[in-house]
Amino acid sequence: MIETMKNRKTVTHIIILAVLISFFTAILLKFGVAVYNDSDQYISMHMRREPVYPVFLYLIRSLFEDHWMIAAGVLQTLIVVVFSYRFILYISDVTGFGPVGLYIVTAFVLMPYIITPLISSTHVNLSVAIMSESIAMPMFLQFFIDMHAFLTGQHTRDAISGFIFALLISLTRSNLVILPIAWLIVALIVYIPRKKIIAVLLVIAAFISSFVIRDVVTKSYNLRFNERYVGNEYTGQTALANIFYACDREAGERIDDPELVAIFYTLYDDMDQRGWSYLYAGDSASERAVYLEDMHDRIKFEVIEFGLRDIIEATGIHDYIDYNAIAEDYCSKLIPVLFPTCLSRWIPDMLIMGLRGIVRSVSVCTSWGYVYAAVIIAAAVCIMLILLRRDRRSPAAWMLGLSLLLILGNAFGTAMIIMCISRYMVYGFAVFYTSLLAGVCELYRGHR
C-alpha cells in the first residue's frame, strides 16, 4: 500500500515537471525572447535599474556573444521551471496534497504567465521577456518557501536563505524592497515570543545592513558599468509625480528658493496645460486615483524628467548622470515643501491605488472584480483565524497569513511611489490561491 502511494506520488511529480517544462518551453518556442520598452535599459546597464538583472544579462552576453538573447530565454525558462517545481514540491510536503491538489497548485503557478499577456497593457510574456520580472517572480516563490518554513520550523537556515533571497529580489525589482521588511516582520514573529533577545538584535542589525548592502552594491554596479559611484537615482522624480498630481499651483508660494520657484511653476504650468492633474480627474477620490494611474508616467517622464532635463541642460550640463543627480536634488528639496500641501489628497490616492493593487493581486479591477476580491480575501482571513484558533502551528494558517502580508506590502508599498499596474501585482497570485486551497483543505479535514 505504502509502495503504491509512493509510486503514485512519483508519477504525479513527473507529470507536473513535464507540464512545467512543456508549458514554458512552448512559450519560448512560439514567442521567442521578447523585447519591450524597458528592455534596452537592462541591456545597456542603465544606472536607473537595480543591478541583478542587468548583470545577469551581461554575464550571458559575455558567455554567448551573438546568441546571448536565445541563451537568456533558455536560462530564464530554466529558472522559472526550477523554482516553480521547488514551490510545488514544498507545498506537497507541507500539505500532503494528492494528485488533484498538486495539479491545481500547478495551475495557480502557471496562471500569472497566462493572464499577464492577456490582461496587462504590455501583453508581456514574463518568462521570456528581457525584463527583471522574468527572474524576480520565480525567486519570489523561493522567498515564500523560506519564510513559511521559518515560521513553522523556526530553523535559522531558512531565515538566512530568506534574507539572501529578499536581498537578491530587492536588487532585481525596486518595488520589492518590501521583502526585507517582510523578512523582518516574520523574524520578529518567530523570535520575540521565544524571548530570544540576541536573535532579535541580530535580525534588526541584518535588516538595517540589507539597505546598506543594497546601496553599496548598486553604487558599485554603477561605478563598474557607468563610471560613477552613484545609486540608481530616480526615486525623487518618481515620487514627485504623485505629489505634483495632487497639489495646487498655490503650493509654489511656500517655496523660498527663487530657482526652485521658477522650476516649480515651469513644470506645474506644463502639467496643468496638458490637463494631467487631479483637477481634471473627477470629483471623487476614486476617480482621482484611477486618473493618476493613467497620468503618472506622463507626469514623471514628459513633465518632470524632460522638463528638468531641459532646464539643467540650458546651464551647460549635458552628462546624463550629472544632470540626473541635479534633478534628484531639486526633487529632494521640492518634495518636503509641496507634500504637506497635498497630503489630504495624496493619502486617499495612495490608499485607493493600494486597494486596487490588492484587487489586481487576486482578481481584476472591474465592478465584479472588486466584489470578488473582497469576498475571497475576507474568506481567507476567516479561514486563517479559525485555523489558528484550532492550532497555532497550523501550516495552512501561516501560509495564508504570509501570503496576505506579502500582497498588502507589495500593493501599498508600490502605491506610495508608483501605480500598482498588473505585472507588479501578479507576484502574490500563486502563493495566495495555493494558501487558500491549503486552508480550505485543512479546515475540511479538521471538520471531518
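This is a predicted model: local features need pLDDT of at least 70, side-chain atom pairs count only at pLDDT 80 or more; totals for chains, interfaces and linings use all residues.
Residues are numbered from 1 along each chain as its sequence is written, and side-chain values use heavy atoms, with hydrogens and water left out.

Colleague: Which residues touch the most other members of the largest nonpolar core?
Modeller: A nonpolar core is a set of buried Ala, Val, Leu, Ile, Met, Phe, Trp, Tyr and Cys residues joined through side-chain atoms within 4.5 Å, and buried means under 20% relative accessible area, with exposed over 50% and partly exposed in between (1.4 Å probe, protein chains only). The largest such core has 146 residues, and those that touch the most other members are Phe87, Phe143, Trp183, Ile299 and Phe432.

Colleague: Which helix gives the largest share of this core?
Modeller: Helices are DSSP runs (H or I, at least four residues), numbered from the N terminus. The largest share of the core amounts to 15 residues, and it comes from residues 320-362, helix H13.

Colleague: Is Phe143 buried or exposed?
Modeller: Phe143 lies in helix H6 (residues 133-153). Its contacts (heavy atoms within 4.5 Å), leaving aside neighbours within four places in sequence, include Phe165, Trp183 and Leu406. Because its relative accessibility is 0%, Phe143 counts as buried.

Colleague: With which side chain does the side chain of Glu305 make a polar contact?
Modeller: Glu305 is found in helix H12 (residues 285-313), and it counts as buried because its relative accessibility is 12%. A polar contact is a pair of N or O atoms within 3.5 Å; within protein, one must be able to donate a hydrogen and the other to accept it, and residues adjacent in sequence count only if both atoms are side-chain atoms. At 2.5 Å, the partner of the Glu305 side chain is that of Arg48.

Colleague: How far does helix H14 reach from its first C-alpha to its last?
Modeller: Helix H14 (residues 367-390) has 24 residues, and the expected span of a helix is 1.5 Å times one less than its number of residues. Close to the expected 34 Å, the reach of H14 is 35 Å.

Colleague: How far from Cys382 is the nearest cysteine sulfur?
Modeller: A disulfide is a pair of cysteine sulfur atoms within 2.5 Å, and the structure holds zero disulfides. Cys382 is in no disulfide, and the nearest cysteine sulfur, which belongs to Cys441, lies at 18 Å.

Technical notes. Helices (H or I, at least four residues) and strands (E, at least two) are DSSP runs, numbered from the N terminus.
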